[in-house]
Amino acid sequence: MTLILEAILLLGLIGITVAIIFGKDLMTSVVIYCAFSFITMFLYIVMGAPDVAFTEAVIGVISTVFFIIILRSVNRKTK
Amino acid sequence: MTIIMLIVVITVPFIAFDVLPAIGDPESPPNSHVSDYYIEHAIDECNSPNMVTAVIVDYRAFDTMFETTVMFLAGISVVLIMANKPRRRIPSPGDFKRTRNTGGTPIYQTINKDVMISTIEPLILIYAMYVLFHGEVSLGGGFQAGALIGMTYLLDVMAVKRDKPIMNLTKFMSAAIAGLGPFIYALTGIICFIGGGLYLQYNKLPFNIHEAELHSIGITAVEIGVTIGVAGTIITILNALRERISFDDDND
Amino acid sequence: MMTTINAFLAAKGIYLLTLILLSLGAAGIIVCNNYMKKLICMNVMQVAVIFFFLCFGQKTGGTIPVALSEVVKASEYINPLPHGLMLTAIVVSLGTTGVGLSLLFRITEKYGTIEEDDLIRRENKTKTGEKE
Amino acid sequence: MKENIPVLIILLPLCSALLCLLLTGLHKRLGRALVVLATAGSLVLSVIQLRTVITEGTIHYAVGGYEPPFGIELVIDSLNALIIVMISIIGFLTVLFAENFGDDRPVVKGSANAILALLITGLLGMTSTGDMFNLYVFLEITSLSAYCLIAMGGSKGVVSAYRYMLVGTIAATFYLLGIGILYSATGTLNMGDLSAILNKGGYDDVMLVSMSFLIAAFGIKMALFPFHGWQPSAYTHAEPGTRPLITGVMGKIPALAMFRYFYCIYGTDYIYVKYLLILLGVFSVFGMLYGSLMAMGQSDIRKILAYSSVAQIGYISLGFAIGTPVALAGSFLHMIGHAFMKGGLFFCTGAIRFKYGTVNIDDFGRIYKKMPLTCGLLVVAALSMIGIPPTAGFFSKWYLALGAAGRHEWIYIAVLVISSLLNAVYFFKVIEKVFIQQDKGLDDKWSKGELELPLTIILPVVVCFIAILGIGIFNVKLFDILMLTLEGVGL
């Protein structure tokens, strides 16, 4: 059962990556990146690695905040 | 397009080579060769039911020491890269507005921002202490506790409007403290020399206590070092980034 | 029907998805024109490798690697070694992201843009006036 | 206490880096003094370690007291010990040299010294570790400190550091994939245990797939020919004070790691070894020719040296491609010699830049009058890059050619000769510009005292001068030390 759940979550991750690559606005890319790290944490819990999931959750939040701090000084619209 | 071509190039040999073991079976090499020793001996050798912490801090402690050094290194390099004196050739709109020291926190008062977050922060810190000291019994450990402390500082600086941040660390002081963390870790290793053992051999620590207790002393000291290192680094990176980014509220 | 899907996923499926995620991350680094998107795709690639490493520790029916009193057999617990290694890899990816973002800020401050083509054009322009 | 030497060599620069910021807060020069002391201490210890390794053979140091397959182990054989001595010498000289460059605000000075000490720690750790994942952690330490040191070299350095970071992270990811596949097939992370299992046979597919990932990862890290895109701009714009260490040594240690995987773990009796050797040979041949050709067209001395580094890495990987013990000894002799040559040349360029502030070779006219020592080193290093007998460069190329003749690889010998001639072209151009071109009347910015340069620049220049000639003269002794480990290895 867990394997199918993992496969679904992985498909979600692949979808998010495609959205990031072809997205136009940087702010949505960063927000989607936060969702990406949340789903990765959920994936680690399904796989039975709670330590890694705990670390991924906290570090995902911190790196997203760093991205947003930098995003304030960068032009949001991309070509 | 390049992406489709890249995926095809990588997946074709992948199907050809049958190299990787099936995911779930317990008899596959990684699950049988070395890990059984870790699982069986984690409790009586390292006195820590949480086998992952035992692997990180006792069997492969040398890895984690350099892991904390990588965190310290990231903190210093952000300080260094941000430490240039900018000759602004391309004036950014931020220059003309006076940058307030609020770090972009919204001026308006709201119940959840000011009241709630100020009450939640001590709880998060207590939880971080719990995660730190119960590293080997339940889940958690140095990294998670340090990241939690860093996140509390981040939450406070970004959300609550205060004239001075709670910990009031300049960029230099927090980088120095971030350096102290891994040094505590290295020091526990060096103390093992005095006890006559090899580097980071906890049962040779010079205190005359029962050997299992020595392991937990070693693990706790090392976890404290890791926590201080990780928390100091996150605070350093945050200070360095916030200092140079010109925040202004009415930015679209 | 379920068991055949399970068998396929266990042998090749999960690895195939991880590989696609990895190649997407690598392709994103090459294809994306914006430097910040390259950084996000770099993180995606690192997460894909961490997941790839964690796949080896799986045991069907194993509990999480915290020792319970009544469970004794080694095949009951999930393999703790990949988890220990991957904690290190996650913290390394945070360090690299922090350094990358500060570099990104310096680039925006000096050249005003983080688009690849504008940057190369402005870089060549400053090359003529190079002092250093 | 004596048996803890392998760890102490890594620990001293590490602890000095960690405390450097704290002490710089107390007093401006204290942090730097600690780093200088620590690197000097690790230099002395590494010489002691070399002596013990030669007398007693390989040292196995199990960190934490756990036996190898379960804990991490440091393996020091005569090859490792020699390279650790080389890293310590150049590291110590660079720490002295970096004093005169960079601004002197306490935050910047303290962190710059800390990062330099951490780069030395990373390099020392990478050579001495015997564990696969531990090598990844040291690889990360070396790369992160290299990104920062390159980014400190001005705004153009920031862009090249960013590009190097992206490529470097791809290399680290490929390395993780490589050891992931090896771990999935054998279940162990220790190199000795791994080679024991792999040599039992039946792992040919696994070895081919993981070896291709590892060649890509180390190829990027050591700037082998097809993966060297990031290297010229990164070496050119690196921070002038630490450039000798980055260009001289940082490109070589992944080559040693590749050797360890290629020959110590895999051995040479699985079916795909021929194809991998041919692949490596093709990379190094093209690298040697491309590097020398590109270096001829440059006018900025740093770019000349950066492109010549691509060629010299080609020599080292050529030794691996040939495979006989003599060729391997030649490539490691070249690795050590080249570290002093390239480090020496960048000490010269740093000294010239410190005194005259220029890097363009067109206005190097007649500077030998005011800077005799630096130009002396420039000439000796250039001759040794070309391969003129008394210097180190000639003997390493000689052993490489000897090994190639042993395996009847005439193409390699031809390429060796052509590439040396191409080297001669652009190095004689540099020497000609320094000695024959008429004076450009440069105003020297530093003229205190009767010495041409401050002591902290003179010492590295003189030590490199002596080292290049010393390696050239005592190469038979070094060859025997190398042959202690390389005897059984290789085809």
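**Helices and Chain Contacts in a Predicted Model**

Good morning. I begin with one helix of chain B: 21 of the 21 residues of α5(B) are buried, so this helix is largely enclosed by the rest of the structure. Please keep in mind throughout that this is a predicted model.

The length of that helix can also be examined. Helix α5 of chain B covers residues 61–81, and at 1.5 Å a residue its 21 residues should span 30 Å; the end C-alpha atoms are 30 Å apart, which agrees.

Chain B has nine helices and zero strands, and read along the sequence its pattern is α-α-α-α-α-α-α-α-α. Of the 252 residues in chain B, 46% are buried. Among the contacts in chain B with a separation of 6 or more, 73% are between residues 24 or more positions apart.

How do α3(B) and α4(B) lie relative to each other? Helix α3 covers residues 35–46 of chain B and helix α4 covers residues 51–59 of chain B; their axes come within 10 Å and cross at roughly 70 degrees. An angle of 65 to 115 degrees counts as roughly perpendicular, and α3(B) and α4(B) are therefore roughly perpendicular to each other. Their crossing is left-handed. On the α3(B) side, the residues that meet α4(B) are Tyr38(B), Ile39(B), Ala42(B) and Cys46(B). On the α4(B) side, they are Met51(B), Ala54(B), Val55(B), Asp58(B) and Tyr59(B). By class, this contact of α3(B) with α4(B) has eight nonpolar residues, no polar residues and one charged residue.

The numbering of such residues deserves a brief remark. An α-helix has 3.6 residues a turn, so residues three or four places apart point the same way.

Chain A has three helices and zero strands, and from the N terminus on its elements run α-α-α. Along its principal axes, the C-alpha trace of chain A spans about 45 × 25 × 10 Å. Buried residues account for 47% of the 79 residues in chain A. Of the contacts in chain A with a separation of 6 or more, 59% come from residues 24 or more positions apart.

How does chain A touch chain B? Here 15 residues of chain A are in contact with 21 residues of chain B. Helix α3 of chain A, residues 50–71, provides the largest share of the chain A side, twelve residues. By class, that side of chain A has eleven nonpolar, two polar and two charged residues. Chain A and chain D, by comparison, are joined by no contact, and their closest C-alpha atoms lie 15 Å apart.

Which chains have the most contacts among the five pairs that touch? They are chains B and D. In that interface, 50 residues of chain D are in contact with 43 residues of chain B. Several helices of chain D each supply at least two residues to its side: α1 (5–26), α4 (106–128), α5 (132–151), α6 (155–186) and α8 (204–222). Of these, α5(D) gives the most, with eleven residues. By class, the side of chain D that touches chain B has 35 nonpolar, 13 polar and two charged residues.

The axes of helix α8 of chain B, residues 171–194, and α1(D) come within 8 Å and cross at roughly 150 degrees. Angles over 145 degrees count as roughly antiparallel, and α8(B) and α1(D) are therefore roughly antiparallel to each other. The crossing of α8(B) and α1(D) is left-handed. From α8(B), the residues in this contact include Phe172(B), Ala176(B), Gly179(B) and Phe183(B). From α1(D), they include Leu11(D), Cys15(D), Leu18(D) and Gly25(D). The contact of α8(B) with α1(D) has 14 nonpolar residues, two polar residues and no charged residues.

Finally, a pair within chain D. Helix α7 of chain D, residues 191–198, and helix α11 of chain D, residues 253–265, have axes that come within 10 Å and cross at roughly 40 degrees. That makes α7(D) oblique to α11(D). Met191(D), Leu194(D), Ser195(D) and Leu198(D) in α7(D) meet Arg260(D), Cys264(D) and Ile265(D) in α11(D). By class, the residues of this contact are five nonpolar, one polar and one charged.

Thank you for your attention.

Note on methods
Residues numbered from 1 in each chain as written. Chains lettered and ligands numbered in written order. Predicted model: local features only at pLDDT ≥ 70, side-chain atom pairs only at ≥ 80, totals over all residues. Axes fitted to C-alpha atoms, helices over the stretch in contact; angles between N-to-C directions. Helix = DSSP H or I, 4+ residues; strand = E, 2+ residues; numbered from the N terminus. Parallel < 35°, antiparallel > 145°, perpendicular 65-115°, else oblique. Left-handed = near helix turned anticlockwise from the far one by under 90°. Contact = placed C-beta atoms within 7 Å. Nonpolar A, V, L, I, M, F, W, Y, C, P; charged D, E, K, R; others polar. Buried ≥ 20, exposed ≤ 12 C-beta atoms within 10 Å, placed from the backbone. Expected span 1.5 Å × (residues − 1).
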